[in-house]
Amino acid sequence: MKQENIRNFSIVAHIDHGKSTLSDQIMKMTDTFSFRGNEEQVLDDMKVEQDHGVTVRSKTVRNIYRAKDGQEYELNLIDTPGHVDFNYEVEKSVSASDGVILLVDATKGVQAQTVANYRIAKNNNLVIIPVINKVDNQSAHVDMCEQQLYELDESFLEHDIIHISAKTGLNVDKVLEVIVNRIPSPKGDETKPIKAMIFDSHYDSYQGVVAYVKVIDGTIKANDKLMSMNQRVKFATPEIGIFSPQLLPLKELKSGDIGYVITGIKDPADVRVGDTITGQARQTKQAVAGYQPAHSVVFAGIYPKDADFDDLKVAMEKLKLNDSSIELVEHVSNSLGPGYRCGFLGMFHLQIVRERLINEFGMSVIITSPNVNYRYTTKNDSTLKTINNPSDLPDFSLLKTIEEPFNKVVIETPSETVNDVLTLLSKSRGVLLDMDNTDQLVKMTYSVPLAEIAFNFFNQLKSITHGFATYDSQFMEYVESDIVKITIDVNYAPVDELTFIVHRLNAEKLAQEIVHKLKYVIPRKLYPMPVQGYIEGRVVARVDVPPLRKNAAVSGDKKSVSKKQALLRRQSLNKRKSASEAIQLPQSVFDAILNIE
Ligand code: GTP
């Protein structure tokens, strides 16, 4: 295909606005995929994607479209995820595109991720084509959506906004024409040395890393001798091709094309996303600017349940090959044994990882209570250290300062819900930065500690605004804060995984709630076990987990006193012995803690 007839574009939108449905419709209309029956969401092929009805990874597919001008065009479409946790995927996809379709659900209007994804496209200087979807739905508010889009970007007034139904196919032909007419073709030079940007990858146990590339300059042929520019690793590619949407081998990929390059490389660190592939003999002068690595937002421990660490290790390493945004560090817990300390892009990402471990590796795991990271200095050392594991925070007597991350949170909500939202924000230790009224909506900008919004905040916001609020949150700064550590002893032994870092305001109440919950979820033993919560060395809460059977001292009156004394002696011996034994913590312990508000 001539480069002038190639169009590379991403479909971006807020979650559930219809990206995957539009991708399917485009594949259907261009005969890319022979739909046999009622297949839906052909690109969302992972089990987790089908279970949740959301896209987790971006998917690329080449479509051949005969336009109204009689010419054939190669439309390389990238379907992106809409969930806020996967913004990083959108950034990678957009960097391989020359334009985006910004899809808006006519029943919902412009929402937080519409704005966030618009910004990503704008920062990449891409042509942005707004499209209003679901106009077949009775509760569609097309005029409202148009107005919101013009407020987002006045330049949208220059062209008619297309109203479509991705589901029925209404006006999708117009979208295809606009893609051809308004998105520029790539402008590379196929005679220059190879310069191909790796925008994604997956790992295949036989073929090693399969790099997804946008060829900027040059022509890649099968068996070419290539190298990754940043890592400087050499390889010969046994196979190159395109996404159809399955991998379809081709003889060559030319400048402007989007396709895959099998590298045969077994260590994923050698060909990272963001790196540039070039020829070994003829090298391009300058690599493409790479990506910032993904930033973990929440951290938690992952430990094997009913399996060995070695099994978990195999599963986690394979998962990491196909999801480079998970951060992994091996860690040995005093109560759960060897496992990992992991970083995730958000709580939904954490949930997806847990499900993928079960679905794809048959691996049940224990995931400990998640937390954000903190920075501290000690009295002896003024260098700031970052920790993501609460048990790594030194004792309070040694600490000088503790800082916690704050995000800038922008919420737009209908005026009748403002009071409830303000209450939620003040409960979350938010600090008002700005407030603005437009028609029926109130826009509030707040600075809020990440620890208050990373876990359940969004669900609470959705519930009090009946799903009408839009929400955007971005890291702002670390701020010194009055933070304390809660530690929990079970049967006189501290349990690392039951260590929490919280603001002093909530600390005592939280410690009491946790200890109380533990009474009902910690597996009982034959003897009573005290559970104690400490803050700065002071006991602030205590309960006794009752024994499996009655305590000798209070059980029935039939036994002789000496027998009771013997029993008591045995129980007290057991108690002391068991204090040094590891406490087995089931997942229900961490789930119960997560449910504490
Ligand atoms: P994520 O990938 O999770 O961000 O979602 P998405 O944007 O890809 O949305 P998806 O295509 O999964 O559609 C979400 C829901 O909207 C599905 O139930 C679709 O059937 C429905 N839907 C999509 N397009 C239309 C449309 O044009 N009309 C109607 N009525 N429903 C639609």
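## Around the ligand

Helix α1 (residues 19-29) supplies the largest share of the shell around the ligand, with 3 residues. Keep in mind that this is a predicted model. The whole shell counts 18 residues, and the closest are Lys-19, Ser-20, Thr-21, Thr-55 and Asp-136.

Now for the atom pairs. The side chain of Thr-21 puts an N or O atom 2.5 Å from an oxygen atom of the ligand. Ser-165 also uses its side chain, with an N or O atom 3.2 Å from a ligand oxygen. With His-17 it's the backbone: one of its N or O atoms lies 3.3 Å from an oxygen atom of the ligand. On its own the ligand has 650 Å² of accessible area, and the protein covers 85% of that.

## The sheet

There's an open sheet here, built from 6 strands with mixed pairing, in the order β2-β3-β1-β4-β5-β6. β2 (59-66) and β6 (162-163) each have a single partner strand because they stand at the edges, so one side of each has no neighbour in the sheet.

Further in, β1 (residues 6-13) and β4 (residues 99-105) run parallel and pair over 5 bridges. Phe-9 has Gly-99 in β4 as its bridge partner.

## Helices across the strands

Two helices are worth a look against this sheet. Helix α3 (residues 87-95) lies across β1, β3 (72-79) and β4, at about 160° to β1. Helix α4 (residues 112-123) lies across β1, β4 and β5 (127-133), and its angle to β4 is about 170°.

How values were computed:
Residues are numbered from 1 along each chain as its sequence is written. This is a predicted model: local features need pLDDT of at least 70, side-chain atom pairs count only at pLDDT 80 or more; totals for chains, interfaces and linings use all residues. Side-chain values use heavy atoms; hydrogens and water are left out. Two strands pair if DSSP finds at least two bridges between them. Helices (H or I, at least four residues) and strands (E, at least two) are DSSP runs, numbered from the N terminus. Contact means heavy atoms within 4.5 Å. Axes are lines fitted to C-alpha atoms, for helices over the stretch in contact, and angles run from 0 to 180 degrees between N-to-C directions. A residue is near a molecule or strand if one of its heavy atoms lies within 4 Å of it. A polar contact is a pair of N or O atoms within 3.5 Å; within protein, one must be able to donate a hydrogen and the other to accept it, and residues adjacent in sequence count only if both atoms are side-chain atoms. Accessible areas come from the Shrake-Rupley method with a 1.4 Å probe; for residues, only the protein chains shown count as cover.
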